[in-house]
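The following paragraphs lead through helix packing, aromatic pairing and backbone geometry in turn. Please keep the sequence and the model in view while reading.

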Amino acid sequence: QARAKLERIVRKAPEVMVKISGKQRGAAHLAEHFQYISRHGKLAVRSSEGEQITDVARLKAIAQDWQMLDEAMNEHGRDRPTSMSMVLSMPGGTTDAATIHDAVQAFARVELEGQFSYMVALHTDTANPHVHLTVATQGIDGTRFNPRKADLHHWRESFAHELRQRGVAAEATPR
């Protein structure tokens with residue numbers, strides 16, 4: 001496995017990108033974020049339950065649900081994010097959008113399913129196709145979604161693995 005990784009690095013395999021792009025506080029802010037990632041209902045957003053959503057009212061209802069869960073579990077009344085958004089991608093022109101989208105969905109199932117609710121949206125309207133992954137910060141079992149630097153590196157490795165499973169030469173490094 002280490003040898004294969006070294007070979008990919010030497011061959012300059014494209015590097016995955018996984019970054020936290022923001023935090024949403026409250027249902028209104030989260031609904032605005034859902035509006036953005038759905039391009040105001042023009043793009044389908046896939047929920048962690050497999051539902052394909054384009055209805056703006058349904059997205060607002062999900063934002064309300066996430067906030068209510070967060071408030072119910074917030075016994076100290078602290079101001080904290082309702083969700084965290086991430087962007088996952090590959091360098092432009094290296095991978096087709098459908099493969100990236102499929103790999104992100106598999107990544108989310110492995111890393112988040114059964115713990116945190118999430119929403120996935122593919123954007124192809126730029127030169128670099130990318131996927132927005134929005135995660136509810138309140139876990140189903142009461143845990144908080146609070147990623148650290150080591151988590152980001154693990155996620156890059158996991159995302160690269162999912163791409164390689166789909167025949168894409170992809171690598172993850174600590175940078």
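Axes are lines fitted to C-alpha atoms, for helices over the stretch in contact, and angles run from 0 to 180 degrees between N-to-C directions. Helices (H or I, at least four residues) and strands (E, at least two) are DSSP runs, numbered from the N terminus. The model is predicted: local features need pLDDT of at least 70, side-chain atom pairs count only at pLDDT 80 or more, and totals for chains, interfaces and linings use all residues. Residues are numbered from 1 along each chain as its sequence is written, and side-chain values use heavy atoms, with hydrogens and water left out.

Two packed helices are described by the angle between their axes and the distance between the axes. For H4 and H5, the angle is about 130° and the axes are 9 Å apart. H4 is therefore oblique to H5; angles under 35 degrees count as roughly parallel, over 145 as roughly antiparallel, 65 to 115 as roughly perpendicular and the rest as oblique. H4 passes H5 in a right-handed crossing, a crossing being left-handed if the near helix is turned anticlockwise from the far one by less than a right angle, and right-handed if clockwise. On the H4 side, the contact (heavy atoms within 4.5 Å) is made by Thr 99, Ile 100, Ala 103, Val 104, Ala 106, Phe 107, Val 110 and Glu 111. H5 contributes His 154, Trp 155, Ser 158, Phe 159, Glu 162 and Leu 163. By class, this contact of H4 with H5 has nine nonpolar, three polar and two charged residues. Here Ala, Val, Leu, Ile, Met, Phe, Trp, Tyr, Cys and Pro count as nonpolar, Asp, Glu, Lys and Arg as charged, and the others, Gly among them, as polar.

Rings of Phe, Tyr and Trp (its six-membered ring) pair if their centres lie within 6.5 Å; planes under 30 degrees apart count as stacked, over 60 as edge-to-face and the rest as tilted. A search of the whole structure finds four aromatic pairs. In one of them, Phe 116 and Phe 145 have ring centres 5.3 Å apart and planes at 70°, so this pair is edge-to-face. Phe 116 lies in the loop between helix H4 (97–111) and strand E5 (118–123), and Phe 145 in the loop between strand E6 (130–136) and helix H5 (149–165), so the pair ties together parts that are 29 residues apart in sequence. Phe 116 is buried (under 20% relative accessible area; exposed is over 50%, partly exposed in between, with a 1.4 Å probe and protein chains only), at 8%. Phe 145 is likewise buried, at 6% relative accessibility. Phe 145 and Trp 155 form a stacked pair, with 5.6 Å from centre to centre and 5° between the planes. Trp 155 counts as buried at 7% relative accessibility.

A further helix pair is formed by H2 (residues 26–37) and H3 (residues 56–73), which pack at an angle of about 140° with axes 8 Å apart. That angle makes H2 oblique to H3, and H2 passes H3 in a right-handed crossing. The contact of H2 with H3 has nine nonpolar, four polar and one charged residues.

Most residues other than glycine have a negative phi. Arg 39, in the loop between H2 and strand E2 (45–47), has a positive phi near 50°. His 40 is found in the loop between H2 and E2, with a positive phi near 60°. At 57% relative accessibility, His 40 counts as exposed.
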